[in-house]
There are 2 protein chains.
Amino acid sequence: MTRNVQYSNQVDATLNTIIGGGNYHSVVALVDENTRRHVLPRLGSLANAAIIEIPAGDVNKTLDTLSHVWQELESCGATRRSLLVNLGGGVVTDLGGMAAAAFKRGMHFVNVPTTLLAAVDASVGGKTGVNFMGLKNEIGVFAMPDAVIVSTTFFDTLPQQELKSGFAEVLKHAILCSRDEFQQLLHIDLSHIEKDQLLERLQASVKIKEDIVAQDPTEQGIRKALNLGHTVGHALESWAMENDKSVPHGYAVAWGLVAEVVLSHMKLGFPSGDLYSLAHFVRENYGAPAITCDHYDRLIDLMRHDKKSLDGEINCTLLKQCGSFTIDNSIDAESMKSALDILRDLMGV
Amino acid sequence: MTRNVQYSNQVDATLNTIIGGGNYHSVVALVDENTRRHVLPRLGSLANAAIIEIPAGDVNKTLDTLSHVWQELESCGATRRSLLVNLGGGVVTDLGGMAAAAFKRGMHFVNVPTTLLAAVDASVGGKTGVNFMGLKNEIGVFAMPDAVIVSTTFFDTLPQQELKSGFAEVLKHAILCSRDEFQQLLHIDLSHIEKDQLLERLQASVKIKEDIVAQDPTEQGIRKALNLGHTVGHALESWAMENDKSVPHGYAVAWGLVAEVVLSHMKLGFPSGDLYSLAHFVRENYGAPAITCDHYDRLIDLMRHDKKSLDGEINCTLLKQCGSFTIDNSIDAESMKSALDILRDLMGV
């Protein structure tokens, strides 16, 4: 668990303090073309840093890119007492963390996540990695950054779609653990974010994830709760990909959250008021999935083949109410079809 | 520090117990063409293991080979609950350790070093890695194997030269820390090794290294003592390479040990009796380096550019007697030339 997570919208000052206090041999910034253009110029603390740029996008999260970063670290004379500042979304923080962890058997690094999703992901757990043979994060190590600076400062550089996509995970954390937190999130206007307000919510969200991960670091039990919304969400995402209508991961998760809360209402009596509040927020911010009842069989087939599924059953986390969940619920196909019907109704399809 | 080092010449039985007790999903053996032919058939405990072969030799200790091992691990369906058994010299244990450490963010591994040098190296410290851009072990991580089985069982599969090369490091440990141990080593006949006798000495040697490393894990101070013999040794090795007369690393270290003990005698009064015993043993087992006094200037130049050197001085560890060393001695060129003269005399050149 990373202990040194700093929540601050004074990113440049915070980074400056870290660099000043670390007695590092040199400082290197890892960026992609987006953060080089939009974020780097806002950080005077990196004015003298060597810059390594990698191409943006998950498709570039590869061993080849990793090898390129190592070559550049050699070229700029980095030592194990140098600091690598990973400035970007999940590709930069995951790949940069791996690069730092294995360069000369470990140099210092700091993560400055610039997307909402990376901020939630990069803050907890010390996971690094790259994709390999079509498998996500297949090659990687656990390595702790010297610090993670969580901020909302750079979210104005993100497309709305990227911000909303990350927000679905924040929403999920709240539903799992705190009705109060859930209610607060529903008041956030994602098209006009208040940076400091969002930072508070982000901090609360990371805290929830930390608590769950700390109770079950190796995902034997309750950590599976973090899969809420993802059984239906992954199926919607895969279906969209099969049909050349790719949707952002977080959009699919948002719809999946609604469907699985519908199931929670059907099976465990989740309060309808909170269900409607969630559905309203999701419809307003994420629109509706492009499915009809003709697609249900394929969607259910995809759910049965999810890696969380055991023996071809559909496996979901469900809730009695916000903050009270049960993992490993087996869902029959008819119930799932009803939930998808209701999801479409709620989304106004 | 690896706690689970097992000293045993019953390697198959020991490995069988480890495999039986580990509840592993599957077992995979990493070998090179030599250990596949000469060692693997002697280990019934690996009869059902999947086999991954890499080409022997330091030149193959690369990212490409590492990537090949990861591909093969995928192909044979290894999981993070599988066990990788690294069966070979330093290339196999270093590269295999790195492969295991980063596969799915860490699978289990056991090192079975089959060379004397790998046994001394692989037993302590959890270092893994591959070469990169001409730099040794430039990319790697610290990762602890489930166990290391140190044995002398397979040394009969090694060329004499390989065995002698590794023995120079064993000799070095003894000189640094224990006159008793040093005396015992001088009675070992490297052309007719008694496996169990050598295993005892190997255990003592690893213990010495462990003690030094534990006192100074990051090589700020006394761990530098482990460089004894290497200032002159590396220069002899580099000089030989420049002149197409490449010598095994351990041979150069053995000659370097004599030269630096000569310096210790000159500067700190190291007892001449022990110096002559060492010189005799080295001459008998390693012969003499092919240098003349015409090569001294180039050798000294190489020593000044050693990475241990600060500001172009020649830096050596010296001894008052066996077991009493001082690090960071600066040696002037004239003294070094005298030491090289005496080295050549003692080696019978």
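**Note on a predicted two-chain model**

1. Lys267(A) and Asp332(A) form a salt bridge, with the closest N and O atoms 3.3 Å apart; the term covers a side-chain nitrogen of Lys or Arg within 4 Å of a carboxyl oxygen of Asp or Glu. Lys267(A) belongs to helix α10 (residues 249-268) of chain A and Asp332(A) to the loop between β10 (324-331) and α13 (333-346) of chain A, so the pair ties together parts 65 residues apart in sequence. Helices (H or I, at least four residues) and strands (E, at least two) are DSSP runs, numbered from the N terminus. Lys267(A) is partly exposed at 39% relative accessibility, as is Asp332(A) at 38%. Here buried means under 20% relative accessible area, exposed over 50%, and partly exposed in between (1.4 Å probe, protein chains only).

2. This is a predicted model, in which local features need pLDDT of at least 70 and side-chain atom pairs count only at pLDDT 80 or more, while totals for chains, interfaces and linings use all residues. Residues are numbered from 1 along each chain as its sequence is written, chains are lettered from A and ligands numbered from 1 in the order in which they are written, and side-chain values use heavy atoms, with hydrogens and water left out.

3. Chain B can be laid on chain A with an RMSD of 0.1 Å by a turn of 179° and a shift of 0.0 Å along the axis; the superposition is by least squares on the C-alpha atoms of residues with pLDDT of at least 70 in both. The two copies are thus related as by a two-fold rotation axis.

4. The contact (heavy atoms within 4.5 Å) takes 23 residues from chain B and 23 residues from chain A. Of the interface residues of chain B, 100% are also interface residues in chain A, so the copies meet through the same surface. About 2100 Å² is buried between the chains, 62% of it on carbon and sulfur atoms; buried area is the accessible area (1.4 Å probe) that two parts lose on being put together, summed over both. Glu74(B), Arg105(B) and Glu138(B) supply 32% of the area that chain B buries against chain A, more than any other three residues.

5. Two salt bridges are counted between chain B and chain A. In one of them, the side chains of Glu138(A) and Lys104(B) meet at 2.6 Å, N to O. Glu138(A) lies in strand β7 (residues 135-139) of chain A and Lys104(B) in the loop between α4 (90-102) and β5 (108-113) of chain B, so the pair joins two chains. Glu138(A) counts as buried at 7% relative accessibility.

6. In chain A, an open sheet of six strands has the order β1-β8-β5-β4-β2-β3, with parallel pairing; two strands pair if DSSP finds at least two bridges between them. β1 (5-7) and β3 (50-54) of chain A are at the edges with a single partner strand each, so one side of each has no neighbour in the sheet. From one strand to the next, the twist averages 20°.

7. Within strand β8 (residues 147-150) of chain A is Ala147(A), which is buried at a relative accessible area of 0%. Leaving out residues up to four places away in sequence, Ala147(A) touches Asn4(A), Gln6(A), Ile18(A), Phe109(A), Val110(A) and Asn111(A).

How values were computed:
Axes fitted to C-alpha atoms, helices over the stretch in contact; angles between N-to-C directions.
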